[in-house]
Amino acid sequence: MKLAFLLAWIACTAAPLVWSVWRGDPTSARLAAYCTDHVWRAPLLAALAQSALSAALALVLAWPAALAFAQWRFGGRRLGRRVLWLGRLCPAALLSIPLATLAAQSPEVASEVKVALAHLLFNVPAATWILFIALERVPRALIHEARQDGIDLFGHARLVWWPAWRAASVLTFLVCFAASFAEDALTRALAGEGSLAATLPARTASLEDRALSSALLLLPALLWSLLLGVWWARRRRRGAT
Amino acid sequence: MVESLRQRRRQAALLLTLPAVVIVGWLVAWPLLTSLWPLGDLVLPPRAVDAVAPTPSPAFDAAWLTALLAQLAYSALVLLIEVPLGVLLALSLPRRGVLAGLAVACVAWPLAAPQSIADWLRLELMPRAIDALSGWWTRLSGEPCDLSPLLAQWSGYVLVDVWRFTPFVALVCAFALRRDDELTVAAGIDGLSGWQRMRHVHWPCMRGACGFAVVIRLVDSFAAWPHAGSTVSLAAWVRDRGSGGLSATTAVATVLTLLVLVLIPAWPLRAPSGGRR
């Protein structure tokens, strides 16, 4: 019964992809034309680059914050967490116009960088939260033992925190990357007509072209989910967090 | 001495959180300030949109209330569909091995689908699917049947939302379920029925995660209104009165939404596993 439900769900969600591929008539000549077409390729590469940049920046910012939230009680802890969650919960689309106005003041900065920075709005809270859960599960006894053994700060980070960090960082990066790649309102406001969402539907004319471009657009999503599946299977095999 | 050490640790912890908090706080606060007050004009040049059209004053009429209620109903409908489906999906995912990873990969990919794909589904694929269904139904029943009203108003948005974000609920719940392996074995030995297993083993494990997913999806579906082209949504209200620019109406809508958002997040402030010390 469970298996039937799972298979039915996978079939239903995959139907659009299958239809797009079937309707898009993906001959090798058409695929080659798409892969070498700058108009189609540039927004996709920009989207991938800005998503990766935003996820990496979010990781860097979230590491120390998650460590502090998970291990110490300090003044402003609650306020800090509320600010972070406000960023995650605040509708990005509402901030898109003011942020676009702000971004317009610095035309020398590449739009990919602007979008990546704006996506920190929701990526930093999500990354902090995931790393927080991972770091909170590090046993207290291990931390105390490391302190009693006189391990220095570097050794402490390497022996105590790094295993938990490493495991959660992969998931954090994947989650932030997907959130950034799928986000539309801020990207469209900041990158304008150069954004992935704005370029593709307008460029393609026939139904076959639209179907094929949609199917190709889903390739990064499929690759992303494959990486997530690998991570999931490895973590399950080890029985860890 | 010990107290001094603790004090220094607290200060260090505060410093560690500052970069993340300041950046996120700035990204939220500065645009809001520029929306609400002409404070931004001290730094930024006057905006073209203000020069062209005077800002209309917001009017909280019956249309606003209707739009707000419609938006809440949309969010509730999305949750009513996504949460049970997500929980069922989480329970049906394999627990171990390569199959678990493969199933997660097959289920999770719509989460990374860009918005243009969602638009493609809603505007092009679903009408064709509905037409095909209508044709089949007509052939089967022998009577003309038009299912296209199914796509009117919210149905298309709801279906695409379910397609894209049910995996999020499923993955969050499945992530929480990883802790109940031993309990499941014990429940099997004790001979618990399926319902008892769900109630006493699975649900306590994923209750917190499910609450977290509900809050996130509620807020996201509520905040997705600028994409909703429905004539009764908050999007339409702001579009009609705000002319899509940086207007007082947008600012008021922002504040209203933020008020809702500030009131909501009780759950996400702690880990869904209840791991707060």
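Just past helix α8 of chain B sits Gly191(B), with a positive phi of about 75 degrees. This is a predicted model, so keep that in mind throughout. How many of the 10 residues of α8(B) are buried? The number is 0, so α8(B), residues 181-190, lies largely in the open.

Let me step back to the chains. Chain B has 11 helices and 0 strands. Read along the sequence, chain B is α-α-α-α-α-α-α-α-α-α-α. Chain B has 277 residues, and 38% of them count as buried. Next, take the contacts in chain B between residues at least 6 apart in sequence. Of those, 77% join residues at least 24 apart.

Chain A has 12 helices and 0 strands. Its 241 residues are 49% buried.

Now the core. The largest nonpolar core holds 127 residues. Which residues have the most contacts inside it? They are Ala62(A), Val24(B) and Cys173(B). The helix that gives the most to this core is α3 of chain A, residues 38-71, with 16 residues.

Let's stay with Ala62(A). Set aside its neighbours within four places in sequence. Ala62(A) then contacts Val124(A), Ala127(A), Thr128(A), Leu131(A) and Thr172(A) in chain A, and Ala20(B) in chain B.

Thr172(A) is our next stop. Where does Thr172(A) lie? Find it in helix α9 of chain A, residues 153-182. Is Thr172(A) buried or exposed? Thr172(A) is buried, because 25 other C-beta atoms lie within 10 Å, and the cut-off for buried is 20 or more. Beyond its neighbours within four places, Thr172(A) touches Leu59(A), Ala62(A), Ala127(A), Ile130(A) and Leu131(A). Take Leu59(A) from that list. Thr172(A) and Leu59(A) are 113 residues apart along the chain, yet their C-alpha atoms are separated by 7.3 Å.

On to Leu228(A), in helix α12 of chain A, residues 207-238. Leu228(A) has 24 C-beta neighbours inside 10 Å, so it counts as buried. Which residues does Leu228(A) contact, leaving aside neighbours within four places in sequence? One is Leu174(A), and the others are Val104(B), Ala105(B) and Ala108(B). Val175(A) is 53 residues from Leu228(A) in sequence, and 8.9 Å away in space, C-alpha to C-alpha.

**Two helix pairs**

Two packed helices are described by the angle between their axes and the distance between the axes. I have one pair from each chain.

In chain A, take α4, residues 77-89, and α7, residues 120-136. Their axes come within 7 Å and cross at roughly 125 degrees. That angle makes α4(A) oblique to α7(A). The crossing of α4(A) past α7(A) is left-handed. On the α4(A) side, the contact is made by Leu84(A), Trp85(A), Gly87(A) and Arg88(A). On the α7(A) side, the residues are Leu121(A), Phe122(A), Val124(A), Pro125(A), Ala126(A) and Thr128(A). How do the residues of this contact divide? They come to 7 nonpolar, 2 polar and 1 charged.

In chain B, take α6, residues 115-141, and α7, residues 155-177. They pack at an angle of about 130 degrees, with their axes 10 Å apart. So α6(B) and α7(B) are oblique to each other. Here α6(B) passes α7(B) in a right-handed crossing. From α6(B), Ala118(B), Leu121(B), Arg122(B) and Met126(B) take part. They meet Gly156(B), Tyr157(B), Leu159(B), Val160(B), Trp163(B) and Arg164(B) of α7(B). The residues of this contact divide into 7 nonpolar, 1 polar and 2 charged.

One last residue. Asp161(B) lies in helix α7 of chain B. Is Asp161(B) buried or exposed? Asp161(B) counts as buried, because it has 24 C-beta neighbours inside 10 Å. Past its neighbours within four places in sequence, Asp161(B) contacts Val78(B) and Ser221(B). Its C-alpha atom is separated by 8.2 Å from that of Ala118(B), 43 residues away along the chain.

That's my tour. Over to you.

Notes: Residues are numbered from 1 along each chain as its sequence is written. Chains are lettered from A and ligands numbered from 1 in the order in which they are written. This is a predicted model: local features need pLDDT of at least 70, side-chain atom pairs count only at pLDDT 80 or more; totals for chains, interfaces and linings use all residues. Axes are lines fitted to C-alpha atoms, for helices over the stretch in contact, and angles run from 0 to 180 degrees between N-to-C directions. Helices (H or I, at least four residues) and strands (E, at least two) are DSSP runs, numbered from the N terminus. Angles under 35 degrees count as roughly parallel, over 145 as roughly antiparallel, 65 to 115 as roughly perpendicular and the rest as oblique. A crossing is left-handed if the near helix is turned anticlockwise from the far one by less than a right angle, and right-handed if clockwise. Two residues are in contact if their C-beta atoms, placed from the backbone, lie within 7 Å. Ala, Val, Leu, Ile, Met, Phe, Trp, Tyr, Cys and Pro count as nonpolar, Asp, Glu, Lys and Arg as charged, and the others, Gly among them, as polar. A residue is buried if 20 or more other C-beta atoms lie within 10 Å of its own, exposed if 12 or fewer, and partly exposed in between; C-beta atoms are placed from the backbone. A nonpolar core is a set of buried Ala, Val, Leu, Ile, Met, Phe, Trp, Tyr and Cys residues joined through C-beta atoms within 7 Å.
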